[in-house]
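Hi,

Here is the structure I said I would pass on. Have a look at it first, and my notes follow below.

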Amino acid sequence: LRVASSLRGRSAHTLRSLAPAAAPVTASELDALEAHVRSASRLVVLTGAGISTPSGIPDYRSPDGSYSRGHKPITHAEFVRKAENRQRYWARSFIGFEVFSRSRPNAAHLALAELERGGWIGGGCITQNVDGLHAAAGMRDCLDLHGRIDAVECLDCGDRSDRAVLQERLRAANREWAARRAGALPAELRADGDAELTAAETAAFSVPSCEACGGGTLKPAVTFFGGSVPVEDVEAAREAAERADAMLVVGSSVQVYSAFRLVRAVAERGAPVALLNNGPTRADALAALHLHCAAEEVLPALASRLLARRDADDAEVLIGHSF
């Protein structure tokens, strides 16, 4: 069908997929997921790192994810406590962002945008990801619960700026350092644009301060582990969960409490929850349906089915009106 083929074509320039192998979806599983989506008028979608691994972005908890390789992401307390910690973060992020920023929406992101345009996602999307790929795919109603890695905020004056601009400032402040690493891929790319570097490499890295206030501390506009999600985003997510008459979780183990409580809120009201995640989740006991399949396979197939059914229904209406 045309949806699946067009989605495959548009996602051809992604980085190498980092998605773990998954079982193929069965016809009965796809039937059940289609019924789940069609039964809802205010379906809310919750996505996690697993939807972006086909775009070349590592996750945390899969067998090849950051946690499995011994990576411990920086916490909010570590970042604000010492300048040396911020220096280490920005050096590694400078290298990681060179790769991370080349990622593009994959077939799963594009299919969700297609489902939204078709009216099947009436409750919006909430993502735990910071990669901005839902917006890049054309999704209009998506809450970035944990922020965006392509933005920077000043902890002193609150100014918000473009991460790409800071990338060039970092390059200018570290010309020799950057030149030595030009064209070299990081030994290991980690979740959220982090990269493995030695202590000696990070110690030689210079970090500029905020231009808006002339000296403030710059931080990526994301919620680090141990940090707090902005109150307005917490409230927006809670309201979306309260309005939802069904939920679809895609590519998330739902281990982070800010996501789990949303799934629990939907389930406790008796609204059905479906999980599309290649592996167990914290919300397994709350779900009416769990597909251990690849989102980049399932979601385009689902979009094609729904669009084909809509086309068939429209054709029947036209035929009926012609008599």
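The largest nonpolar core has 31 residues, and L248, L276 and L299 have the most contacts inside it. By nonpolar core I mean a set of buried Ala, Val, Leu, Ile, Met, Phe, Trp, Tyr and Cys residues joined through side-chain atoms within 4.5 Å, where buried is under 20% relative accessible area with a 1.4 Å probe, protein chains only. At least two residues each come from α2 (27–38), β1 (43–47), α5 (107–117), β7 (246–250), β8 (273–276), β9 (289–291) and α12 (295–321). Of these, α12 gives the most, with 6 residues. Helices here are DSSP runs of H or I with at least four residues, and strands are runs of E with at least two, numbered from the N terminus.

Another core lies apart from that one, with 24 residues, including A91, I95, L170 and W177.

Before you read on, this is a predicted model: local features need pLDDT of at least 70, side-chain atom pairs count only at pLDDT 80 or more, and totals for chains, interfaces and linings use all residues. Residues are numbered from 1 along each chain as its sequence is written, and side-chain values use heavy atoms, with hydrogens and water left out.

Back to L276: leaving aside neighbours within four places in sequence, L276 is in contact (heavy atoms within 4.5 Å) with L248, V249, V250, G251, L291, C293, A295, V298 and L299.

Cheers

Technical notes
Buried < 20%, exposed > 50% of the residue type's maximum accessible area, 1.4 Å probe, protein only.
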